[in-house]
Amino acid sequence: MARYSGVIGYAEQGEFIDGVWENQSIVEKHYYGDVNRINRRLQNESNVLPNLSVGNTISVVADAYAYQHFHNIIYVEWQGTKWVVTNVDVERPRLTLSLGGVYNGPQS
């Protein structure tokens, strides 16, 4: 099992216009934990170049902020790249994050 030390990005949402919510800012927090699973896959969905996706799971030791805002986690920085978080499992005292493709959205 590999060790993890890196940044997790949380999207803070706000009401853009009546009834329409959007990500207004990104908050980054630093965490430590373990990389439980490492794999990758290429998805060729009628694109010229296939999309790179990982199926990694990272388990981090969570703090109070992480427990209160786990539903706002959008990316994890791992090995110099920001990856989309596709699933979050709350397993106190840890959060287990499942990663997907490369994150291309707004950053802090």
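## Charges, rings and cores

Lys29 sits over the face of Tyr65, 4.4 Å from the ring centre; such a placement requires NZ of Lys or CZ of Arg within 6 Å of the ring centre and within 35 degrees of the ring normal. The model is a predicted one, in which local features need pLDDT of at least 70 and side-chain atom pairs count only at pLDDT 80 or more, whereas totals for chains, interfaces and linings use all residues. Residues are numbered from 1 along each chain as its sequence is written, and side-chain values use heavy atoms, with hydrogens and water left out.

Tyr65 also takes part in an aromatic pair, with Tyr10. The two ring centres are 4.9 Å apart and the planes make an angle of 85 degrees, an edge-to-face arrangement. Pairs are counted for rings of Phe, Tyr and Trp (its six-membered ring) with centres within 6.5 Å; planes under 30 degrees apart are stacked, over 60 edge-to-face, and the rest tilted. By this rule the model has 2 aromatic pairs. Tyr10 belongs to strand S1 and Tyr65 to helix H1, so-called distant parts of the chain, 55 residues apart. Helices (H or I, at least four residues) and strands (E, at least two) are DSSP runs numbered from the N terminus. Tyr10 is buried at 1% relative accessibility, and Tyr65 is buried at 18%. Buried stands for under 20% relative accessible area, exposed for over 50%, and partly exposed for values in between (1.4 Å probe, protein chains only).

The largest nonpolar core has 20 residues, and Tyr4, Ile8, Ile58, Val76 and Leu95 have the most contacts inside it. A core here is a set of buried Ala, Val, Leu, Ile, Met, Phe, Trp, Tyr and Cys residues joined through side-chain atoms within 4.5 Å. Two or more residues come from each of strand S1 (2–17), strand S2 (20–37), S5, helix H1 (64–69), S6, S7 and S8.

Leaving aside neighbours within four places in sequence, Ile58 is in contact (heavy atoms within 4.5 Å) with Tyr4, Asp34, Val35, Val76, Trp78, Leu95, Thr96, Leu97 and Leu99. Thr57 lies in strand S5, which spans residues 57–61, and is buried at 14% relative accessible area. With residues up to four places away not counted, Thr57 touches Asp34, Val35, Asn36, Arg37, Thr96, Leu97 and Ser98.

S5 and S8 pair in the antiparallel sense over 5 bridges; pairing requires at least two DSSP bridges between the strands. Ser59 has Thr96 as its bridge partner in S8. S8 also pairs with S7, again antiparallel, over 7 bridges, and Val88 is bridged to Leu97 in S8. S7 and S8 form a hairpin with 2 residues between them. Pro93 is in the loop between strand S7 (81–91) and strand S8 (94–102), and the peptide bond from Arg92 to Pro93 is cis, with omega near 10 degrees. Arg92 itself lies over the face of Tyr67, at 3.9 Å from the ring centre.

Gln79 is not a glycine but has a positive phi of about 55 degrees. Most residues other than glycine have a negative phi, and most peptide bonds are trans. Gln79 is exposed, at 66% relative accessible area.

The model has 4 salt bridges, each a side-chain nitrogen of Lys or Arg within 4 Å of a carboxyl oxygen of Asp or Glu. One of them joins Arg3 to Asp34, at 2.4 Å from N to O. This pair links strand S1 with strand S2 across 31 residues of sequence. Arg3 is exposed at 65% relative accessibility, whereas Asp34 is buried at 11%. Asp34 also forms a salt bridge with Arg94, at 3.4 Å from N to O. Arg94 lies in strand S8 and Asp34 in strand S2, so this pair ties together parts that are 60 residues apart in sequence. Arg94 is partly exposed, at 24% relative accessibility. Another salt bridge joins Lys82 and Glu77, at 3.7 Å from N to O. Lys82 is buried at 16% relative accessible area, and Glu77 is partly exposed at 28%. Through shared partners, Arg3, Asp34 and Arg94 form one salt-bridge network.

Ala2 lies in strand S1 and is partly exposed, at 34% relative accessible area. The C-alpha atoms of Ala2 and Gly33 are 8.8 Å apart, with 31 residues separating them along the chain. Neighbours within four places aside, Ala2 is in contact with Gly33, Asp34 and Val35.
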